[in-house]
Amino acid sequence: MNSVFSVAKLMFDKILIANRGEIACRIIHTAKRLGVGTVAVYSEADVNARHVNLADEAVAIGPAPARDSYLAAEKLIRAAERSGAEAIHPGYGFLSENAGFAEACGGAGITFIGPSPRAIESMGSKSAAKTIMQQAGIPLVPGYHGDNQEEAFFLGEAEKIGFPVMLKASAGGGGRGMRVVNSAAEFSEALRSAKREALGAFNDDRMLLEKYLEQPRHIEIQIFCDQQGNAVHLFERDCSIQRRHQKVLEEASAPGMTDETRSAMGDAAISAARAIDYTGAGTVEFIVNSDGAFYFMEMNTRLQVEHPVTEFITGLDLVEWQLRVAAGERLPASQDQLAINGHALEARIYAEDPDNGFLPSTGSLRHLRFPAETSNVRVDTGVREGDSISVHYDPLIAKLIVWGNDRGDCLRRALESLGRTQVVGVMTNIDFLVSVISHEAYRAADFDTGFIERHNVDLFPEKTPAPSDVLGLAALYHVLRRASLAAQKAASSADPTSPWWATDGWRPNLVEEERFSFHDGTGESKVCIIRAGRGNHAGAGRGTDLSPSPAENNSTPLLSSHNMPGQAPGYAADAYIIRAGGQLIYASGRLEADGSLTAIMDGTQRRADVVEDHDHLVIFEAGNTFRLKRLSGGGDSIDEEATGNLISPMPGTIIEVMAGEGQQVRKGDTLLVLEAMKIEHTIVAPRDGTVQAIHYRAGDMVEDGVELLVLTDK
Ligand code: MV4
């Protein structure tokens, strides 16, 4: 057997990733780097998802609801068998902590990349986990986690511990079935309501009791164990910044952590892992008192969402470690080879509406920009521009992970990176994240798990009106955008005698004065923009006596010979006077090929990304985002009129397609019928033209904002 000629077969040739979104992409990334083949799985909602595109192979596993696809254990195992994958990585969530699934993988001869079914099982119940940890000598919060569930007995235990106490569901998680009880008088009612909630959530109303710790920190230790019995910890993460038990920010290391406490918590975490013969990646959660005392909370038997902050401070790839350990290799490093370098922060960017109770915000990501990835900045995402955030899955858009030499450097870079993150199409928590990271108390590391609740008022600052110059940018954008579209149209008409090629200043569709009205979320603002003069391609002057401010006069490229995209040669930037909020601004500008707007306003160069979202303009400038609703001015819907694309106004199902490709239609002709929310909507031709392409058929589902068909002139 162990002949000198035998070659150890360790790393897998091919693995299946039983997950979706950013974590599936994350796992595929490492597998590729290691030369391991990848099989993605996808539901009907994820046919074109990023993780499917990244993988070597992909297997369809059923309808969008997770229970019919990503939670359907048999389908996943069958997909692994059929594709020849030797192992399954479960990611996080879904089946990652399902002992039955781990067992079924083993039964099918497939390696489950994670701990044994028994280890998963033993941490599944809070009370059972506490019993195991108590025996292993891990510190527990004083309390009761036994079988006697009688109310009178519980009350007696509560009085022994001393109020306030906390009731927790034994089967619990995510804060459900949890109650703080401040006195004996409240006990009976609190117990009853906690039991009711636990029964509904877990079909199990057994409770445990703990001393309630005021203002604790949530600090967790990353551990790793191999099949040879080696175990290390990869230091801690502080995940105290949570909202309703949903983590918002995670950092490594934990601010204020001493070497003594770190070492004691690391040892305790390793003992916890050894107590259940753990293998692979795991996390031991503690709550930590302000005096530094720490207590075991629970153990997560999977890779966690926030693992990248540990990767940044250790320089390791935890997915690589998972694959190596699951394949039977020894841990790649021993404890004394591990060290902390710098500081890392993860911010979870969610599609949710902070102004509406953080409700998930679904829809199409019409515009999506992330900061460039560098050695300091990492973006883990499962979506691209144009993808949708649906009701079926977690509304996470991306995790922004930032590294700095120290915490201050890290937070500064995190704010800078959030300022470069642009999302249009769904509401996000980006501004909220900025508020938290900018908060004085957070910056001073003066926080605990109650931070967000306590500082709520500061974290939702009152909305301020959009500055005049931003309103000016909006008006300038509209004028430039329309001129650019008109120019494109003329250029593509291939008519050499078109007045578009003239450079004498004649310009159709470009009014000399235009008035806009915008709503900035606080109120309505009026803007007036006047064409004050025109530069020429020689850059010699602007043919007007309305001189701009001296600073602007210092010849800038904008005022000379720059052509706008799709424009005839020699078409020069115009100068404008903008009146907004009682202010007069001299401005000129240019739309770049990438859609951004470069403007000079009163001599200062500005660069903004402007995105149209239905009747809104979203302006990203210097890390700030402004959302303006156009109430009037700027003509009809620019997209539909000028580009010929017909956009679906809402998500729905195509009921009937009346038009055919190549068909000539008259303005007002019915092109197709869409059903949304049980109401039929007729899409009609906005003008005469020819149907060049139809992207959908009857029965197809469409998101809002997608192009339904292309209508060309004649
Ligand atoms: C606690 C606690 C205070 N005292 N236990 C919340 C979810 C669960 N994982 C543990 N939780 C808590 N348990 C005692 N004895 C405070 C919390 C808690 C919390 C813990 C970690 C992160 C955020 C939290 C937010 C509120 C309450």
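Are Phe516 and Phe518 buried or exposed? Both residues are buried. The model discussed here is predicted.

## Aromatic pairs

A pair of aromatic rings is described by the distance of the centres and the angle of the planes. The structure holds 14 aromatic pairs. One of them joins Phe516 and Phe518. This pair is stacked, with 5.6 Å centre to centre and 5° between the planes.

Tyr442 and Phe451 form another pair, which is edge-to-face. Their ring centres lie 6.3 Å apart, and the angle between the planes is 70°. Tyr442 is buried, and Phe451 is buried too.

## A ring cluster

Which residues do ring pairs link into a cluster? They are Tyr70, Phe94 and Tyr393.

## Helices α12 and α13

Two packed helices are described by the angle between their axes and the distance between the axes. Helix α12 spans residues 407–419, and helix α13 spans residues 430–438. Their axes come within 10 Å. The crossing angle is roughly 160°. Angles over 145 degrees count as roughly antiparallel, so α12 and α13 are roughly antiparallel to each other. The crossing of α12 past α13 is left-handed.

On the α12 side, the contact is made by Leu411, Ala414, Leu415 and Leu418. Helix α13 contributes Ile430, Leu433, Val434, Ile437 and Ser438. How do the residues of this contact divide into nonpolar, polar and charged? Eight are nonpolar, one is polar and none is charged.

Note on methods: Residues are numbered from 1 along each chain as its sequence is written. This is a predicted model: local features need pLDDT of at least 70, side-chain atom pairs count only at pLDDT 80 or more; totals for chains, interfaces and linings use all residues. Side-chain values use heavy atoms; hydrogens and water are left out. Axes are lines fitted to C-alpha atoms, for helices over the stretch in contact, and angles run from 0 to 180 degrees between N-to-C directions. Helices (H or I, at least four residues) and strands (E, at least two) are DSSP runs, numbered from the N terminus. Angles under 35 degrees count as roughly parallel, over 145 as roughly antiparallel, 65 to 115 as roughly perpendicular and the rest as oblique. A crossing is left-handed if the near helix is turned anticlockwise from the far one by less than a right angle, and right-handed if clockwise. Contact means heavy atoms within 4.5 Å. Ala, Val, Leu, Ile, Met, Phe, Trp, Tyr, Cys and Pro count as nonpolar, Asp, Glu, Lys and Arg as charged, and the others, Gly among them, as polar. Rings of Phe, Tyr and Trp (its six-membered ring) pair if their centres lie within 6.5 Å; planes under 30 degrees apart count as stacked, over 60 as edge-to-face and the rest as tilted. Buried means under 20% relative accessible area, exposed over 50%, partly exposed in between (1.4 Å probe, protein chains only).
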